[in-house]
Amino acid sequence: MIKKIIVASSKGGVGKTTVALGIASALTMRGKRALLCDLDFENRSLDLFMGIENLPLHNLADVAYDRATPEKAVLRNGKGLSFVPAPTGHENETDALKGYLPASIIYALKAVIDYEEPDFVIFDTSAGLCVPVLLAKNFVGSLAVTVASHQPASCRGAERAASVLLENGARDASLVITQFDSFASLRDARSGLLQIIDSSSAKLLGVVPFDKELMISHERGVMAPADSPSSAAFKNIAARLCSENVKLFSGVRGIKKKNIF
Ligand SMILES: Nc1ncnc2c1ncn2[C@@H]1O[C@H](COP(=O)(O)OP(=O)(O)O)[C@@H](O)[C@H]1O
Ligand SMILES: [Mg+2]
């Protein structure tokens, strides 16, 4: 069975794209085949994060409107990761795609998934819940992965996403806390982990520390170093998605565990 993951929050800038890419890459390191679908029609960024923005990319709208086959629209890295881009902002049809998914885009997604037959499909979505809800309705039984950064407003955005997606067809909702700043928690300058976990009804899937190396990697369009703190956190998340039990911070360096709860 292909497992489908909807990465969502009603808030922007919390780390959804980072989590989608981190999870997809970590799954492929475990030998799984992951299809990453960019559904951020407003402001796609996965191509930038991966440094492939200058490639002549086809996108989901090309499949939807029969300008490209699924085979042509999908990029593959040869190591298990495949990627289908969202339409770019200047395309005329983008206006028609904003805020909702027409049947043709759902058809395109299904065609790409059928063609690729991955182990996991990861949908990266824009801020807001219109696109995630349509995905949940059309891919019933998906797992909602909600994302909160170390800010109260983003916890609210994750919680809202969890409850709305569960009402609309998601089988379960989990929470990834990202950009977690353990040093500030230690000083009581920012909320502790328990406070963030307590603000969510979703199950904790993992905690990704604030990782400057990761942020710079995104800006340069290269993958984060395999030994970076965030890479270890994403490996742990991938293990849990494969039903393996691992300790919360297994292998994650730079986290000050004492008192962060
Ligand atoms: N764990 C992290 N550590 C450091 N920077 C991060 C982390 N997660 C995300 N970022 C940075 O935060 C910014 C927003 O992340 P992004 O994934 O684009 O959010 P969203 O998709 O929710 O808009 C990006 O510059 C990204 O590099
Ligand atoms: Mg994004």
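Modeller: One term first: two residues are in contact if their C-beta atoms, placed from the backbone, lie within 7 Å. Helices (H or I, at least four residues) and strands (E, at least two) are DSSP runs, numbered from the N terminus. Axes are lines fitted to C-alpha atoms, for helices over the stretch in contact, and angles run from 0 to 180 degrees between N-to-C directions. With those terms, helix H12 (residues 229–241) lies across E7 and E8 and runs at about 165 degrees to E8.

Colleague: Where does the model come from, and how is it numbered?

Modeller: This is a predicted model: local features need pLDDT of at least 70, side-chain atom pairs count only at pLDDT 80 or more, and totals for chains, interfaces and linings use all residues. Residues are numbered from 1 along each chain as its sequence is written, while chains are lettered from A and ligands numbered from 1 in the order in which they are written.

Colleague: Back to the strands, then. What is the order in the sheet?

Modeller: The sheet is open and has eight strands in the order E3-E4-E2-E5-E1-E6-E7-E8, with mixed pairing. Two strands pair if DSSP finds at least two bridges between them. At the edges are strand E3 (75–76) and strand E8 (203–209), each of which pairs on one side only.

Colleague: Which strand does E3 pair with, and in which sense?

Modeller: E3 is joined by two bridges to strand E4 (residues 81–84), and the two run antiparallel. There, Arg76 has Ser82 in E4 as its bridge partner.

Colleague: And how many bridges join E7 to E8?

Modeller: Five bridges join them, and the two strands run parallel. Phe180 stands opposite Pro209 in E8.

Colleague: Is E8 enclosed or open, given how many of its residues are buried?

Modeller: A residue is buried if 20 or more other C-beta atoms lie within 10 Å of its own, exposed if 12 or fewer, and partly exposed in between, with C-beta atoms placed from the backbone. Five of the seven residues of E8 are buried, so E8 is largely enclosed by the rest of the structure.

Colleague: What about strand E2?

Modeller: Six of the six residues of strand E2 (residues 34–39) are buried, so that strand too is largely enclosed by the rest of the structure. E2 pairs in the parallel sense with E4 over four bridges, and Leu36 stands opposite Phe83 in E4. E2 also pairs in the parallel sense with E5, over six bridges, where Leu35 has Val121 as its bridge partner.

Colleague: What does Ile122 touch?

Modeller: Ile122 is in strand E5 (residues 120–125). Not counting residues up to four places away in sequence, Ile122 touches Ile5, Val7, Ala20, Ile23, Ala24, Ala34, Leu36 and Cys37. Ile122 has 28 C-beta neighbours inside 10 Å and therefore counts as buried.

Colleague: New topic: which residues come nearest to ligand 1?

Modeller: Gly15, Lys16, Thr17, Thr18 and Met215 come nearest, out of 17 residues around ligand 1; a residue is near a molecule or strand if its C-beta atom, placed from the backbone, lies within 6 Å of it. Helix H1 (16–29), strand E7 (172–180) and helix H11 (212–220) are the elements that give two or more residues to this shell.

Colleague: How many residues does H1 have, and how far does it reach?

Modeller: H1 has 14 residues and reaches 20 Å from its first C-alpha to its last, close to the 20 Å expected at 1.5 Å a residue; the expected span is 1.5 Å times one less than the number of residues. Just after H1, Gly31 takes a positive phi of about 90 degrees.

Colleague: Which residue has a positive phi although it is not a glycine?

Modeller: Glu117 does, at about 45 degrees. Glu117 sits in the loop between helix H6 (103–116) and E5 and is exposed, with 9 other C-beta atoms within 10 Å. Gln179 also has a positive phi, near 55 degrees. Gln179 is in strand E7 and counts as buried, with 21 C-beta neighbours inside 10 Å.
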